[in-house]
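Here are my notes for you, as promised. Have a look at the picture before you read on.

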Amino acid sequence: MRRPFRAPPPTNDGPRANRDIRAPNVQLIDEEGNNQGLIPTADALARAEEAGLDLVEMNSNGDVPVCKIVDLGKLKYQSQKKASEARKKQKTVEIKEIKMRPNIDTHDYEVKMKAVRRFFDDGDKVKVTLRFRGREMAHQQLGYELLQKVKGDTEEIAKVEAEPKLEGRQMMMVLAPR
């Protein structure tokens, strides 16, 4: 079957197998996992066909490629399964945001800190945002002191990733779990 005009050549994903192995000699590992030593590629292919399996190139980095007699379909299936397991186990770190005001009450502060601890337990980063309104801009040191208090209260469970900084009417700080 012809390829369409200007179509890229087909890519063969996965290891080279059977007739795709171009080396004259290969280091052969049979279906039981025993090392058979250096063998001509044609003989290795004959052994693989005799066993009803495929000759698969496992490592081609050395002078002589290492080939194994295995079922190629089964090998690809297992590698796909392993990759999907790895994807399931990896966790994406989210940045959760906690918004406060410079003149926050003690109980409100404690509720926010409880939420911050819960975020750290889940393994997420926390961005603490302080919003200044109107004349509160004249008392920026109160906001800075509040962020220092947050930093002190979460010292044992979190580290500061971004120090408190003022951007417009907001002061921000990013904390990451230890």
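This is a predicted model: local features need pLDDT of at least 70, side-chain atom pairs count only at pLDDT 80 or more; totals for chains, interfaces and linings use all residues.

1. Residues are numbered from 1 along each chain as its sequence is written, and side-chain values use heavy atoms, with hydrogens and water left out.

2. Find Asn35 in strand β2, residues 35-40 (strands are DSSP runs of E, at least two residues; helices are runs of H or I, at least four; both are numbered from the N terminus). Asn35 counts as exposed because its relative accessibility is 54% (exposed is over 50%, buried under 20%, partly exposed in between, with a 1.4 Å probe and protein chains only).

3. Who does Asn35 touch? Setting aside neighbours within four places in sequence, Asn35 contacts Gln27 and Leu28 (heavy atoms within 4.5 Å). With Gln27 there is a side-chain to side-chain polar contact of 2.8 Å (a pair of N or O atoms within 3.5 Å; within protein, one must be able to donate a hydrogen and the other to accept it, and residues adjacent in sequence count only if both atoms are side-chain atoms). A polar atom of the Asn35 side chain also lies 2.9 Å from the backbone nitrogen of Gly37.

4. Now for helix α1, residues 41-51, where Thr41, Ala44, Leu45 and Ala48 are buried. These buried residues of α1 pack against β1 (25-29), β2, β3 (54-59) and β4 (66-70). Ala42 and Glu50, both exposed, sit on the face turned away from the buried side.

5. Just past α1, check Gly52: its phi is positive, about 75 degrees.
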